[in-house]
Amino acid sequence: MSKSKKIATERIYPALWGVMMYNVLRAVTDLTHHGIFWEGEIKLHITALLLSVSVCYLFNYGWKQRLLKAVEGNRIGKDYAFAVLEIIVWLNLLLKAGQELGVLFMGSGWIDYMLINVIYVPLLLIFYALIRGYLAEQKANEKRIALEKLKTEKKEAELEFLKSQYHPHFLFNALNTIYFQVDENNAEAKKSIEYLSELLRYQLYDVNQEVAFYQEINYLRSYIAFQQLRKTDKLKVNIDIDKRLKEQRIAPLLFQPLLENAFKYVSGGYEITLVLKLKEDQVYFELTNSVSDVLVSSDVKDSGIGLSNLKRRLELLYTEKHQMTVNNGDDFFKVILTLPAKE
């Protein structure tokens, strides 16, 4: 139900309750005496019915105003006792005023007052309980929504902070590469700057939200080409990327820290192998780099700010929906990361 429809429905409830209360009164007074239902002058019945509805609207407004301002933790018993007193006082004042003005006919005197009180007080108290319960549920929902919003904002702020740390960290390494190339070969430096421009453009402008997989793949290819510029020609990079990975959505820059690690620690056979596959509803990422020293490979999984940030981002973005495993061999280091494939 939309918010506007819900509000409209809530405005009808007092009228329905008022009609119900008056008909209960009529049923008790007319049918118990074997009379005709709504016996008597119809004008008086209509006036009394409208007064019954008005009473519900007045109590509905007054109770909502008071309950919305009420401090949490008030004793329920005291609250209901005050509501009963409030109902008795205002109900009898209205009955007396209606009788004095001639809009209500209290033919049996105090018996009519007593009968109306016996019927209306419990029903109005039930009406009060319904309003109180509704407002309590509404407050609880508002608190829950506010808490969820706070958690989301906190999560977004933390992700922004983590993401902001990638940029200077990566830029520092990139500028280091260019620095050692400029004096040796200007053409090589220009090529590096071209790759760097593409990488920075993606990092700065295209990664505020989830991206299509083909964008992330293009970035990975550019990143690999850029890193190969500063490595020796004997480095071999094998890339096996599933062609079906195109429009699926993914959080950006999740694979880059792993690639950075691979290029940083590759040694021995100087070979890096990247596998990126779509397996049913899972994205399978496998990255293997050769190593020559097992002691170096044992430090890889916890080295640098990049991997620490990656682990935290995975916890925030894919809570209990991802899996990352690390395998240290005598001559290789392998990382496997699986994520849900989002259409």
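Reply: Strands E4 and E5 run antiparallel and are joined by eight bridges. This is read from a predicted model. Within the pairing of these two strands, leucine 274 stands opposite leucine 287 in E5. The hairpin of E4 and E5 has two residues between the strands, and glutamate 280 takes a positive phi there, near 55°. As background, strands of a sheet pair through backbone hydrogen bonds, and the pairing is either parallel or antiparallel.

Strand E5, residues 282–290, also pairs with strand E7, residues 332–340. The sense is again antiparallel, and the pairing of E5 with E7 extends over nine bridges. Two positions illustrate it: tyrosine 284 stands opposite threonine 338 in E7, and phenylalanine 285 has leucine 337 of E7 as its bridge partner.

These pairings belong to a wider arrangement. Five strands form an open sheet, and their order is E2-E4-E5-E7-E6. The pairing in the sheet as a whole is mixed. Strand E2 (236–241) and strand E6 (323–328) stand at the edges; each has a single partner strand, so one side of each is left without a neighbour in the sheet. On average, neighbouring strands of this sheet are turned by 10° against each other, direction ignored.

Two helices are in contact with the sheet. Helix H6 (residues 213–229) packs on it and touches E2, strand E4 (271–279) and E5. The direction of H6 makes about 175° with that of E2. Helix H7 (residues 256–265) lies across E2, E4, E5, E6 and E7, and H7 runs at about 15° to E5.

Is strand E5 largely enclosed or largely open? Burial here means a relative accessible area under 20%. Eight of the nine residues of E5 are buried, so this strand is largely enclosed by the rest of the structure.

For context, the helices elsewhere in the model may be described as well. Helix H2 (residues 42–69) and helix H3 (residues 76–101) have axes that come within 12 Å and cross at roughly 145°. Their crossing is right-handed. On the H2 side, Val55, Phe59, Trp63, Arg66 and Leu67 take part; they meet Asp79, Phe82, Glu86, Ile87, Trp90 and Leu94 in H3. By class, this contact of H2 with H3 has eight nonpolar, no polar and three charged residues.

Aromatic rings supply a further theme, for a search of the whole structure finds nine aromatic pairs. One of them is stacked: tryptophan 17 and phenylalanine 127 lie 5.6 Å apart, centre to centre, with 20° between the planes. Tryptophan 17 is in helix H1 (residues 3–31) and phenylalanine 127 in helix H4 (residues 110–182), so the pair ties together parts that are 110 residues apart in sequence. Tryptophan 17 counts as buried at 17% relative accessibility, and phenylalanine 127 is buried with a relative accessible area of 5%.

Phenylalanine 127 also forms a tilted pair with tryptophan 63, at 6.3 Å centre to centre and 55° between the planes. Because tryptophan 63 lies in helix H2 and phenylalanine 127 in helix H4, this pair ties together parts that are 64 residues apart in sequence. Tryptophan 63 counts as buried, at 0% relative accessibility. Finally, ring pairs link Trp17, Phe59, Trp63, Tyr80, Phe127 and Tyr128 into a cluster.

Note on methods
Residues numbered from 1 in each chain as written. Predicted model: local features only at pLDDT ≥ 70, side-chain atom pairs only at ≥ 80, totals over all residues. Heavy atoms only, no water. Axes fitted to C-alpha atoms, helices over the stretch in contact; angles between N-to-C directions. Helix = DSSP H or I, 4+ residues; strand = E, 2+ residues; numbered from the N terminus. Left-handed = near helix turned anticlockwise from the far one by under 90°. Contact = heavy atoms within 4.5 Å. Nonpolar A, V, L, I, M, F, W, Y, C, P; charged D, E, K, R; others polar. Pairing = 2+ DSSP bridges. Phe/Tyr/Trp six-rings, centres within 6.5 Å; stacked < 30°, edge-to-face > 60°. Buried < 20%, exposed > 50% of the residue type's maximum accessible area, 1.4 Å probe, protein only.
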